[in-house]
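Open the model in your viewer and keep the selection panel handy. We will go from one stop to the next, picking out elements as we go.

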Number of protein chains: 4
Amino acid sequence: MTRLHVPVPLRWSDLDAYQHVNNVAMFRLLEDARITAFWRHEEAAAGEAWPTAILDTGPHATSHTFVAGQQIEYLRPLGFSRTPVRVEMWIGAMGGASLEVCYEVYDGAPGGFPRTGPASGEAPYVKAATTIVVVDAASGKPRRITDDERAAWAEFAGEPVAFRKRG
Amino acid sequence: MTRLHVPVPLRWSDLDAYQHVNNVAMFRLLEDARITAFWRHEEAAAGEAWPTAILDTGPHATSHTFVAGQQIEYLRPLGFSRTPVRVEMWIGAMGGASLEVCYEVYDGAPGGFPRTGPASGEAPYVKAATTIVVVDAASGKPRRITDDERAAWAEFAGEPVAFRKRG
Amino acid sequence: MTRLHVPVPLRWSDLDAYQHVNNVAMFRLLEDARITAFWRHEEAAAGEAWPTAILDTGPHATSHTFVAGQQIEYLRPLGFSRTPVRVEMWIGAMGGASLEVCYEVYDGAPGGFPRTGPASGEAPYVKAATTIVVVDAASGKPRRITDDERAAWAEFAGEPVAFRKRG
Amino acid sequence: MTRLHVPVPLRWSDLDAYQHVNNVAMFRLLEDARITAFWRHEEAAAGEAWPTAILDTGPHATSHTFVAGQQIEYLRPLGFSRTPVRVEMWIGAMGGASLEVCYEVYDGAPGGFPRTGPASGEAPYVKAATTIVVVDAASGKPRRITDDERAAWAEFAGEPVAFRKRG
């Protein structure tokens, strides 16, 4: 399975009183990774495109997405670094109008890293999953994932994140 | 089963571009409800205590808590209101050093509402659960939930939130 | 001079590592006070209107506002409380399309306080001012403050906040 | 005058409903630039030091800083980009225990830019200034800026930002 490897810079304000990335701030890092990798940006047009970045974005977008649910496990505390973390992402499930984006968060590397690659063998800081519904911007209703989208995302399909049993 | 009914004021900055409470901001509302209901505050000493508010807080606390995991489902979009929402909370599971706090979010009421009560029969905006580990502040290690804590929380034990199957 | 006295609840996440309201978070409190007092809400229609709340709000608003500038002085550290703080506000200057909203932040009171009143004689935690430009939503251009707006705001005109000299 | 040129990545969540960086979020960008340039980090020890990064940081720091005041003017709306913005910084005033950090925010450049350089001739998005007091961590009291700090910062002294007259 190939994963997307997205660099996400931390901010000082992500830290809590224990100098660790706060549990809610972690969702902002995952959001940023997800938007970087799935939304089409102007930069993409200039040749910097992520292979999966084919959802419209911005005020005149024809589609947008709705977050239907999220789950996260915090496995190790993540401290501050000027080196962006590496958020590894893949697609754990794809339905008619929805997909589950899966994440693991690792240390980055000072010199950067390739945009795609295999699963890391290290212990992640965090495991998470977000269920996203693709919505038609005009009607506000869910719409089917297109063939182009499926084709762009197929390479990054994998097993859903396994979480511990709750309770 | 008795639930805690915690009023949580919204902020304008909780809204996203669609004028709904943002998916990440929702975790801030839940955090605020949880801290209100479980942490001991100076106000508590003045007779305003929540029945469950017996965890130490502040810079000289002997305990703190660590968030081990979270899960959420967004069922309906929540718009802005000056009336605080009602976060209903209960304890879905209690282990040696950990507990699962469960939440459902509902409309508040202009005149307020009692601090405890039965489960609402309405459709919630959000269902969520947070697994919390109680930690000894000096050692940084998990510590057993005390008999006093168990006694204060027992009344609010209930079935864990049922989430949809993922994927 | 009469001031608006706006209650603003704190959140635990407003605190920094020193258990004080963070310098950036303070602007969120001021924003919330400003929106409460100047924007028309549905609640207002039900008889809860602030006397100054006559700017349209929401997705179909005919006007919106643009923040052109801000200044703040942090005079004393503000710790956490479950009692909302009291943000006293007045209008320090009014131009053709712009106004300067002035603020001082004080402790609230457990039982609440009236919506308008004189200047407090206490030492504030914070002094601040925000310059706001009223914009026509359709054109995106500044528009003149209307006679109705001027009339609603005139009672709350006062001397601009005096800040220390910089440097 | 030489300025520090600090790259600061944007986040999608910095945007407001108009797809511009929110007025409060802008202070987070400035904070991040300031901490990058003035606080000593572990990375610095590995040879990546900013020339001005000599303030202790982290939980065992011997000093910390207190923000005494801030001022900002928003001159043009800043939209989203994957290319980090360039925050140009210099020191507009230095007292016994305090300094005024001045900022202008510009577009970045896809290939990056040197860490120091002259003032840009372009029109900035934002002008701002923050007054910082250096505090002894043990006593919590202001302490004198050391000779080493003065020496590290002298090269970046310049005229304070000129703001429009208020009101």
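Strands here are DSSP runs of E with at least two residues, helices are runs of H or I with at least four, and both are numbered from the N terminus; two strands pair if DSSP finds at least two bridges between them.

This is a predicted model, in which local features need pLDDT of at least 70 and side-chain atom pairs count only at pLDDT 80 or more, while totals for chains, interfaces and linings use all residues. Residues are numbered from 1 along each chain as its sequence is written, and chains are lettered from A and ligands numbered from 1 in the order in which they are written.

Now zoom in on strand 1 (residues 3-8) of chain C, joined to strand 5 of chain C by 2 bridges. Select C:Leu4 and you will find C:Thr116 opposite.

Next, pick helix 1 (residues 23-38) of chain D. Of its 16 residues, 12 are buried, so this helix is largely enclosed by the rest of the structure; buried means 20 or more other C-beta atoms, placed from the backbone, within 10 Å of the residue's own. Among them are D:Met26, D:Phe27 and D:Phe38.
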